[in-house]
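Visitor: I would ask for a close look at a single part of this model, namely the way its side chains join pieces of the chain that are separated in sequence. Please give the cut-offs of each term.

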Amino acid sequence: MNVVPPSGHRQIWQIAGPMILANLSTPVLGLVDTAVVGHLEAAHYLGAVAIGSMIFTLLFWSFGFLRMATTGLTAQASGRRDQFSINTVLVQSCQLACLIAAVILILQWPLREIALWLVPGSDAVMVYASIYFDVRIWAAPATLINYAIIGWLIGCESTRQALLLVLVINAVNILLDVILVYALNMHVAGVALASLIAEYVGLLVGVLIILNPRRYSLDWRQLVRWQSLPVLRPSLIVHGNFMIRTLLLISCFAFFTTQGARQGDTILAANAVLLNFITFMAFVLDGFANATEVLTGKAIGNRSVTHLKQALKLTAFWSALMAVSFTLVYGFAGKQIIDWLTSIELVAAQAKQHLVWVTLAPLAGVLSYLMDGLFVGATFSREMRNTMLFCVLFVYLPAWWVLKGFGNDGLWAALLLFLLARGLSQSAYIARIIAKARAD
């Protein structure tokens, strides 16, 4: 007997569905960038864009906490029906985004030199990668403010509006890629300029969305009213903890890539192919994590343990179903997917030898995605930081050290143990989150 009403499942998909589509639009943009530059006359253009894009992905992803913390805080304020706090979260997040962007722009020269030093390439690649960096770095204010706006929209359950914002950014980027690179012959600078303009167009659309008086009670004057440091401090603590957690996660995957590279170019390329399986899975499971964030935050805001448990039950059901589906698809069609992703026989053969790990990855990682959503919605930022630190220092690195004699299989086993440990360690806090819903 189904104790959850159909409307509950519908609400999950109303939140998760648009976010899954928004997440999936991102790799499409990457494919277009690659296709546009890949048809130019020299390979160093493609190498420069690949390096430049990777640098900004890592740089901006480091500040993804602007989205996460904003979602959790907004959802809780929404649950309390506290419109002033809802608006204040957006204002403070945008202010923090502006401060971070200002620091990035001030430090852009050393950031560029360090980034290009860490990712070596040919002289031609480095010249054009530097050009790409010098143009796209000016997108920092718009990119980070857009993170805050998207997080706020998700927290307000306006995931369709968040989807619209992401699609506008990507659509403008794709259109300008073609115009600037082919029509105006701007090469690498054109790809960077397309991303720059697209982010500011997205920012304009985002501002128009949030200032819609028929949907949101936001006074535009609040957007330019600076809060004092004591008021900002609690928000800064939450953002800071989420940032540390994100940097640790980035470091884990960077370590994974580095250790794969030490085993040779073929292993490096095979792992890059297999990580696409992880990325695609993450795009879908993140959509249900977003739903968990919103529903958890609202339940805590209105002090409803019943709603919190029901939300967790619903999102756990759909997350588990999707994880099992991914495992079945990867198990039955994984080899064919590898052949679609690469035509290099040696790389494909190597990837197929390690296919079992990405087949098991959805089952190993599903709980960690669900718990991430729960922790973000509950703004358990300190606990999220601490569990991540524990899993890195006492699970991932020790497992890699013990298993490194097994080569790439040991590296993948350590990664899956890390994903599993994250979910299990975070689940130990479920009772405390329920207590917070009862007490707040």
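Guide: The account below begins with the chain as a whole and then turns to rings, charged pairs and the surface.

The model is a predicted one, in which local features need pLDDT of at least 70 and side-chain atom pairs count only at pLDDT 80 or more, while totals for chains, interfaces and linings use all residues. Residues are numbered from 1 along each chain as its sequence is written, and side-chain values use heavy atoms, with hydrogens and water left out.

The chain has 17 helices and 0 strands; both are DSSP runs numbered from the N terminus, helices being H or I with at least four residues and strands E with at least two. Of its 440 residues, 55% are buried, where buried means under 20% relative accessible area, exposed over 50%, and partly exposed in between (1.4 Å probe, protein chains only). Contact means heavy atoms within 4.5 Å. Among contacts with a separation of 6 or more, 83% join residues 24 or more positions apart.

The largest nonpolar core contains 132 residues, and Leu144, Trp412 and Phe418 touch the most other members. Helix α11 (residues 265-301) gives this core its largest share, 16 residues. A core of this kind is a set of buried Ala, Val, Leu, Ile, Met, Phe, Trp, Tyr and Cys residues joined through side-chain atoms within 4.5 Å.

Leaving aside residues up to four places away in sequence, Trp412 touches Phe256, Asn271, Leu274, Leu275, Ile278, His354, Trp357 and Val358. The description of ring pairs rests on two values: the distance of the centres and the angle of the planes. Rings of Phe, Tyr and Trp (its six-membered ring) pair if their centres lie within 6.5 Å; planes under 30 degrees apart count as stacked, over 60 as edge-to-face and the rest as tilted. The structure has 18 aromatic pairs by this rule. One of them joins Phe256 to Trp412 edge-to-face, at 4.8 Å centre to centre and 75° between the planes. Phe256 belongs to helix α10 and Trp412 to helix α16 (residues 408-427), so this pair ties together parts 156 residues apart in sequence. Phe256 and Trp412 are both buried.

Another pair is formed by Phe375 and Tyr429, whose ring centres are 5.8 Å apart with planes at 85°, so the arrangement is edge-to-face. Here Phe375 of helix α14 is linked to Tyr429 in the loop between α16 and α17, 54 residues apart. Phe375 is buried, at a relative accessible area of 0%. Phe255, Tyr396, Trp400, Trp401 and Phe418 are joined by ring pairs into a cluster.

Charged side chains also make such links. The structure holds 9 salt bridges, each being a side-chain nitrogen of Lys or Arg within 4 Å of a carboxyl oxygen of Asp or Glu. In one of them, Arg245 meets Asp372 with the closest N and O atoms 2.9 Å apart. Arg245 is in helix α10 (residues 229-261) and Asp372 in helix α14 (residues 355-377), so the bridge ties together parts 127 residues apart in sequence. Arg245 is buried at 8% relative accessible area, and Asp372 is buried at 10%.

Arg432 and Glu383 form another bridge, at 3.1 Å from N to O. This bridge links Arg432 in helix α17 (residues 430-439) with Glu383 in helix α15 (residues 381-403), 49 residues apart. Arg432 is partly exposed at 42% relative accessibility, whereas Glu383 is buried at 7%.

Asp339 and Lys352 are bridged at 3.0 Å, N to O. Asp339 lies in helix α12 (residues 305-341) and Lys352 in helix α13 (residues 345-353), so the two parts tied together are 13 residues apart in sequence. Both partners are partly exposed, Asp339 at 35% and Lys352 at 28%. Elsewhere, Arg112, Glu113 and Asp134 are linked in a network of salt bridges.

Helices α12 and α14 each supply at least two residues of the patch. Val356, in helix α14, is partly exposed at 45%. The chain exposes about 19,600 Å², of which carbon and sulfur atoms supply 68%; accessible areas come from the Shrake-Rupley method with a 1.4 Å probe, and for residues only the protein chains shown count as cover.
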